[in-house]
Amino acid sequence: MDYYGAMSRFNRLSLLALLVFALSANAQAPNGQTTAPISSALDSELFYQLLLGELNVREGEPGAAYSLILDAARKTNDPRLYQRAVDIALQARSGDSALLAARAWKQARPASREANRYVLQILIGLNRIGETLDPLKREIAAADAKDRVAVVSSLPRYFARATDKKLAASIVEQALTGYLTAPGVGVSAWTVVGRMRLDAGDISGAMDAAARAQALDAESEGPAVLALSMMSPKTPQAEAIVKKYLEGKPLPEVRMEYVRALLDAQRYAEAAAQLQVITSEKPDYAQGWLIRGALELQDGKPSVAERSLKRYVELALAKRTGAPRAEADRGLVQAYLSLAQIAEQRKDFVQADSWLKRIDSPADLLNAQLRRAAILARQGKLEEARKLIRSQPEKSPADARLKLTAEVQLLRESKQYRAAHELLTEEITRNPSDFDLVYDMAMVAEKLGNLEEMERLLRSVIAGKPEYHHAYNALGYSLAERNTRLPEARQLVQKALEYAPGDPFISDSLGWVEYRSGNLAEALRILQAAFKAKPDAEIAAHLGEVLWTLGRRDQAVSIWKEGAQINPENETLLETLKRLRVRL
């Protein structure tokens, strides 16, 4: 072996660095303990062997380097040389060689937790899941008692990339068998078993594991968090686990996740009740006030929402220095936009503009400016508003798209339907497969009285994107509104509900179809449920008309008044009151 030739290719600095590495092998092991020195073994041949190994790494010959370093590790029994051999193999993407070195290390140092962990992680990386049981058991057993819960809880991350999820779940469950009833560890063990079963698609098994975990400790959040990930109308037992946890002293973050699950299920009243609990029990929990305010605004309670949102702003600004800037800004932007919307609704345009001017997040400046344009348009300054929108810089195609839809919306709200139609026609010519724009074009065509074009456009959306439920709903509602082709209208709206079950606005359309078809009792049932799920002025208009037709006029007026409080400018509500000659 030409050691001197190898040395001549190294500069002095590299040689010095490698010499320090070789000699430092005598210092400390990875666990911080002094190892048996290599001094007696570090003769000139071993020194140059290490040197040549590192040289081969630098020159792009990892195979030779690996063999030299692994041979040196076996001669010296030094753990860092074993680790170096493993690292060289991993860098060369040679998993089998890395596993060979890690197993040699583990054999030489049976008590080494580091060696065992390398074996485990490499086996998982190679998807040799069936061979991981023994090193997995060793990893859990080697953990200090105080750290064992953390080690157990981390296991799903270990197996996140395993392709055979069922086998991974089985291996983990076998490894945890002895810990499922162990004090302090059992809850985490069952929760991990549940998580692994869920990842493998075994929902009933995951549910059973969550229930067993909660039986060991009802106050532990782990089983509740697992159950939250399984909440759906088909798994009521998951919600039962969550509710049982919430009966104790829950973390506000877990209750907040339950709120989000309720909102996803459009169970707004229940979500609002949970938010009341959060803000009462933890009045300084800012996120609770933010979501509560957003929900109150959505429910048509602007004054109440304003108080909640201002409370959020107060808390968020007080904690802004301690929170990650991006997170704090995100919530504040949402609050400022909502507060501006509330001010705009009561036509306090100066205050609305003041809230929008507080937004200093670069990522949200465009949205803020678009809202300012909307305020200008509401004051009759449409051309100024359009100029403001068009003057905004575009950092991406998404920004250009956002500007276009904002301008179209302003034109529609200002009843400038012809201008909106021209703008959309120009854009759709360039992007004919943008079905959102085609849908918007259909809605504008309807306002222009061009019902044939509207129907043609909506059917093109349905043909191009069959899951686009808004198109089915819009066409079905249009037919019902014109009191024509009612069986087809019902079919279209029911199809929309298949894609968006429980959507209160689509339910409103179905209720209107039933009303037009003369099925007053069914119409009343559907519309009452829709209005309960989502208090909205347009749903109120339809529900009130059904009640009025049934002779329940006091109830109809009460519903209409409620709708007027939500949105006094709603076109459908105003048209209904005018047609029926009702003054509120």
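Buried here means under 20% relative accessible area, exposed means over 50%, and partly exposed is what falls in between (1.4 Å probe, protein chains only). This is a predicted model, so local features need pLDDT of at least 70 and side-chain atom pairs count only at pLDDT 80 or more, while totals for chains, interfaces and linings use all residues. Residues are numbered from 1 along each chain as its sequence is written, and side-chain values use heavy atoms, with hydrogens and water left out.

**View 1. Asp-353 in helix H21.**
Let's start with Asp-353, which sits in helix H21 (residues 349–357); helices are DSSP runs (H or I, at least four residues), numbered from the N terminus. With a relative accessible area of 18%, Asp-353 is buried. Setting aside residues up to four places away in sequence, Asp-353 touches Arg-372 and Ile-375, where contact means heavy atoms within 4.5 Å. From Asp-353 to Gln-341, twelve residues apart along the chain, the C-alpha atoms are separated by 9.7 Å.

**View 2. Helix H13 against helix H15.**
Here helix H13 (residues 203–216) meets helix H15 (residues 236–246), their axes coming within 10 Å and crossing at roughly 20°. That makes H13 roughly parallel to H15. For the angles, axes are lines fitted to C-alpha atoms, for helices over the stretch in contact, and the values run from 0 to 180 degrees between N-to-C directions. Under 35 degrees counts as roughly parallel, over 145 as roughly antiparallel, 65 to 115 as roughly perpendicular, and the rest as oblique. H13 passes H15 in a left-handed crossing; left-handed is when the near helix is turned anticlockwise from the far one by less than a right angle, and right-handed is when it is clockwise. On the H13 side, look for Met-207, Ala-210, Ala-211 and Gln-214; on the H15 side, for Gln-237, Ala-238, Ile-241, Lys-244 and Tyr-245. Sorted by type, the residues of this H13–H15 contact give six nonpolar, two polar and one charged. In that sorting, Ala, Val, Leu, Ile, Met, Phe, Trp, Tyr, Cys and Pro are nonpolar, Asp, Glu, Lys and Arg are charged, and the others, Gly among them, are polar.

Next up is helix H14 (residues 221–228), whose axis comes within 8 Å of the H15 axis, the two crossing at roughly 145°. The crossing of H14 and H15 is left-handed. Glu-221, Pro-223, Ala-224, Ala-227 and Leu-228 of H14 meet Ala-238, Ile-241, Val-242 and Tyr-245 of H15. The tally for the H14–H15 contact is eight nonpolar, no polar and one charged.
Now zoom in on Tyr-245, which lies in helix H15 and counts as buried at 2% relative accessibility. Leaving aside neighbours within four places in sequence, Tyr-245 is in contact with Gln-214, Ala-218, Glu-219, Ser-220, Glu-221, Ala-224, Pro-250, Leu-251 and Val-254. Between Tyr-245 and Leu-228, 17 residues apart along the chain, the C-alpha atoms are separated by 11 Å.

Helices H26 and H27 pack at an angle of about 160°, with their axes 8 Å apart. H26 and H27 are therefore roughly antiparallel to each other, and H26 passes H27 in a left-handed crossing. The contact draws on residues including Phe-435, Tyr-439 and Met-443 of H26 and Leu-451, Met-454 and Leu-458 of H27. By type, the H26–H27 contact residues come to twelve nonpolar, two polar and two charged.
Leu-448 has its place in the loop between helix H26 (435–447) and helix H27 (451–464). At 30% relative accessibility, Leu-448 counts as partly exposed. Not counting residues up to four places away in sequence, Leu-448 touches Tyr-417, Arg-418 and His-421.

**View 3. Two tilted aromatic pairs.**
The structure holds six aromatic pairs. Rings of Phe, Tyr and Trp (its six-membered ring) pair if their centres lie within 6.5 Å; planes under 30 degrees apart are stacked, over 60 edge-to-face, and the rest tilted. One of them is the tilted pair of Trp-105 and Tyr-118, at 5.4 Å centre to centre and 45° between the planes. This pair links distant parts of the chain, with Trp-105 in helix H6 (residues 95–108) and Tyr-118 in helix H7 (residues 113–125), 13 residues apart. Trp-105 is buried, and so is Tyr-118.
Trp-548 and Trp-560 form another tilted pair, with 5.5 Å centre to centre and 40° between the planes. Trp-548 lies in helix H32 (residues 537–549) and Trp-560 in helix H33 (residues 553–566), so the pair ties together parts that are twelve residues apart in sequence. Trp-548 counts as buried at 16% relative accessibility, and Trp-560 is buried with a relative accessible area of 0%.
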